[in-house]
Amino acid sequence: MHIAEGFLPPAHAVAWGVASAPFVVHGVRSLTREVREHPESTLLLGASGAFTFVLSALKLPSVTGSCSHPTGTGLGAILFRPPIMAVLGTITLLFQALLLAHGGLTTLGANVFSMAIVGPWAGYAVYKLLRRSNAPLMVAVFSGAFVADLSTYCVTSVQLALAFPDPGSGFLGALGKFGSIFAVTQIPLAVSEGLLTVLVMRLLVQSSKGELTRLGVLLAKKQTRTETEVAAR
């Protein structure tokens, strides 16, 4: 993720861009509908995008042509679902490429696919699975953020291995090398991101309980029998 400008072969860069485009287009429609129907969510959307921008800008050198860092996409995926994160993640990656020389325009499609598409979907899937299994909210939030981060780097390893297979062992050999090098820095970063996301969610539970209930993160309180009888009168 955040593969450097010009690092991928042109055919790979184009292919990842084509693969990412439908998700981003769908995300734009979802984001437009969310803002139109619930304008009060704009502030929380902005906070989710800022969280992703700040965390993913904290880069550490890793494999040549790439870097390790938190992604910050798990929080937005949990709050607004993955399609919207495809847009927020794309905007983040575009601004980082233009303003911070972090990633690049030719590799934008590949970076979007790993960080803004696969990461949010994988993290959200784990989060929903745990919540349906009656896991505590914060356990599900930590797990979702952890998986969103780690799965991004798994996809980046695949992207780099496809572009630069090992001369002797081919794709699998390169995948093993890229994945093992990433793991040294990325597993601790994924744990740290999970803990930070839990902290932010705890703050949101205290300050935005109504909005989290509307988004389905918090369950609405069930009416007691007396309250139901009064409401029916």
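What percentage of the 233 residues in the protein is buried? Buried residues make up 47%, where buried means under 20% relative accessible area with a 1.4 Å probe, counting protein chains only.

This is a predicted model, in which local features need pLDDT of at least 70, side-chain atom pairs count only at pLDDT 80 or more, and totals for chains, interfaces and linings use all residues. Residues are numbered from 1 along each chain as its sequence is written, and side-chain values use heavy atoms, with hydrogens and water left out.

**View 1. The order of helices and strands.** The protein has nine helices and two strands, taken as DSSP runs (helices H or I, at least four residues; strands E, at least two) and numbered from the N terminus. Reading from the N terminus, the elements follow the pattern α-α-β-β-α-α-α-α-α-α-α.

**View 2. Helix α6, end to end.** Helix α6 covers residues 137-163, and at 1.5 Å a residue its 27 residues should span 39 Å; the expected span is 1.5 Å times one less than the number of residues. The end C-alpha atoms of α6 are 39 Å apart, which agrees. This helix is mostly covered, with 19 of its 27 residues buried.

**View 3. Contacts along the chain.** Take contacts (heavy atoms within 4.5 Å) between residues at least 6 apart in sequence: 74% of them join residues at least 24 apart.

**View 4. Extent and surface.** Along its principal axes, the C-alpha trace spans about 75 × 30 × 25 Å. The protein exposes about 11,300 Å², and carbon and sulfur atoms supply 70% of that area, computed by the Shrake-Rupley method with a 1.4 Å probe.

Note on methods
Buried means under 20% relative accessible area, exposed over 50%, partly exposed in between (1.4 Å probe, protein chains only).
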